[in-house]
Amino acid sequence: MSLHLYDTSTRTVREFVPVEPGRVSMYLCGATVQAPPHIGHIRSGVNFDVLRRWLLRQGFDVVFCRNVTDLDDKIIRVAASEGVPWFVVSERNQRAFTWAYDQLGCLPPTVEPRAMGHVPEMVELMRRLMDKGHAYASGGDVYFDVVSYADRYGKLSNQKLENMRAAGDTDTDSLKRDPRDFALWKGAKPGEPTWPTPWGRGRPGWHLECSAMATKYLGGTFDIHGGGVDLIFPHHENEIAQSQAAGDGFARYWLHNGMLKLGGEKMSKSLGNSLLIPDMLRKVRPVELRYYLVAAHYRSAIDYSDEALQEAAAGYRRIEGFVTRAAEVIHDVDAAAPLPQAFVDALDDDLNVSQALAVVHEVVREGNVALAQGNKEQVARLLAETQNMLDVIGLDPRSEQWRTTGDSGLREVVDALVAVALEQRQAARARKDYAAADAIRDQLAAAGIVVEDTPQGPRWELAR
C-alpha cells in the first residue's frame, strides 16, 4: 500500500504522488504571533511533523516551509494596548512558538519565512493579479475581485459564491466593488507600519502573504499545504483564488488537522480557555504532551481534559518502561530493522497515528512477555521494532531529543545523583546493613523516586 491522504479540496482520500519523484514540498500555515502558543496552536505543528517524519522514513527529500505571520490586525491591537511597537509583540511571541515546537520534538523547518520580509513578492503577486483582471486598487487599498473568479471560488470550502457573506476584513467596504471581495493590501493608517507600493503606502492583507511565500520557496506548484480546519475559509480559500488566478498551480493536496477544544469550544485566547505550553509542561513531560497530541487521528477534534492528558501520559510511560528495561538487556539496537506491516499500513492510511500506536502497544506487550521469559533474541527484535516505530512518530525515549529535554533538561543530572545514592544503598546491602539500605530507599521515595530491584540491578523512575 502506498501513502494515501485525505485531500480537503476533493473531499476524498487520494494516493499521494509528488510533483517531483523523490522530493516532497510542504507548506504549513504557522503562527500568527499576537500571543504565546497554547496546545491548540502546537497540535498542528506536531501533526505535520509526524507526516514529515514518515515521508523522510520512506526516503523522500522533504522541503518543509512553515511561515510566521508577524504583522496583522491582532498584533497591532496588542501592541497598541501595551504601548510598544508591533515588532516587540511579534518577536516575543515568535520566540515562544519556537521554544514550544522545540520542546515537543518538532524538527526545525527547512525554511521559516516571516511575512514582513516578503513584501516585494506580495507586490509582484498583486501586479500579476491586476494584469489578469482579478484585482483592483481603490482608495489606497487593493482588493481581489471574487466575481472575476466566481466559477472556482468556494471549491475548497464547498460553498457557492451567492451564499457567501461580506468578507468583513476591513472597515472600508465602501471602497469595494463587492462586499465579498477580500483585501490584498490595506492602505496606510495613522500609527500603523507601512511599506511603499505603486498603489500607495500600506501593509499586506492576511491571505496575500502565504501565497507569496509558498511560491517563493516551493515553486508555483507544490505538493502539500497544511493547517487547521479553521483556516479552510476564508484563509485557504483565498490563497487558492489569488494564486491560481495569477497563473500558479499552487498546492496539489490540502490537509487540515482538527481543532483542540475545551468544554466543547474552540480553544482561543479571546474565550479565556487557552492552555499555554509552559503550563502544560508543569503537568506532564514534553514527550508525554507530544504523545497526547498525536494519539488521536489528526483530522479528529480533541476535547481537552486533565484526565485524558494523564491517561495519555500513562500510556506513554508503559511504552517507555519496556524500552528502558529492554535496553538494560540489549545494548545494540538494529536501527535498520523493518517496521511491522500493520504499522506501515496504518500510517499509509491517511496518517492514522492512533492505529499505529495500537501496533506499538501490541509489540510492547509481546516485549514484556519476552523479558519475563528471558528470551533475549525476542527482546532484541521487539525492542528494535518499538524504537523504530517510535522514531517515526518522534517518541523514542532513547533519542537525543528526549534524553536532553525529557524532564526539562535535568534528567541526566538527576540520573547521576540517584546513581550515587544507589551505589551507597548497594554497598550497605553488601555489608548487610539493611537498615541503612532501606533508609536510602525511603529517602529516594520521599523525593519522588521509585526504586525497582531487577536481575540486572536496581533501576529507578520518577513517581507519578
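A residue counts as buried when its relative accessible area is under 20%, as exposed when the value is over 50%, and as partly exposed in between, with a 1.4 Å probe and protein chains only. On that basis, 51% of the 464 residues of the protein chain are buried. The model is predicted: local features need pLDDT of at least 70, side-chain atom pairs count only at pLDDT 80 or more, and totals for chains, interfaces and linings use all residues. Residues are numbered from 1 along each chain as its sequence is written, and side-chain values use heavy atoms, with hydrogens and water left out.

**Overall build**

- The protein chain has 15 helices and 15 strands, taken as DSSP runs numbered from the N terminus (helices: H or I, at least four residues; strands: E, at least two).
- Its C-alpha trace spans about 90 × 55 × 35 Å along the principal axes.
- Of the contacts (heavy atoms within 4.5 Å) between residues at least 6 apart in sequence, 74% join residues at least 24 apart.

**Annotated binding site**

- An unreviewed UniProt entry gives the annotation "binding site" to Cys29, Cys210, His235 and Glu239; UniProt positions follow the numbering used here, feature names are shortened, and annotations may be inferred rather than shown by experiment.
- These residues span 211 residues in sequence, yet no two of their C-alpha atoms are more than 11.1 Å apart, so they gather at one spot.
- Cys29 lies in the loop between strand 3 (23–28) and helix 1, and is buried at a relative accessible area of 9%.
- Glu239 sits in helix 6 and is buried, with a relative accessible area of 0%.
- With residues up to four places away again not counted, the contacts of Glu239 include Cys29, Cys210, Phe250 and Trp254.

**'HIGH' region**

- Residues 31–41 are listed by UniProt, in an unreviewed entry, as "short sequence motif: 'HIGH' region".
- This stretch is 27% helix and 0% strand, and its end C-alpha atoms are 7 Å apart.

**Helix packing**

- Axes are lines fitted to C-alpha atoms, for helices over the stretch in contact, and angles run from 0 to 180 degrees between N-to-C directions.
- Helix 1 (residues 39–57) and helix 3 (residues 86–103) have axes that come within 10 Å and cross at roughly 55 degrees.
- Helix 1 is therefore oblique to helix 3; angles under 35 degrees count as roughly parallel, over 145 as roughly antiparallel, 65 to 115 as roughly perpendicular and the rest as oblique.
- On the helix 1 side His41, Ile42 and Gly45 meet Phe97, Ala100 and Tyr101 of helix 3.
- The axes of helix 4 (residues 119–131) and helix 6 come within 8 Å, crossing at roughly 65 degrees, which makes helix 4 roughly perpendicular to helix 6.
- Leu125, Arg128 and Leu129 from helix 4 meet Gln242, Ala245 and Ala246 from helix 6.

**Asp230**

- Asp230 is in the loop between strand 9 (221–228) and helix 6 (232–246), and is partly exposed at a relative accessible area of 35%.
- Leaving aside neighbours within four places in sequence, Asp230 contacts Met259 and Lys266.
- Asp230 and Ala212 are 18 residues apart along the chain, and their C-alpha atoms are separated by 21 Å.
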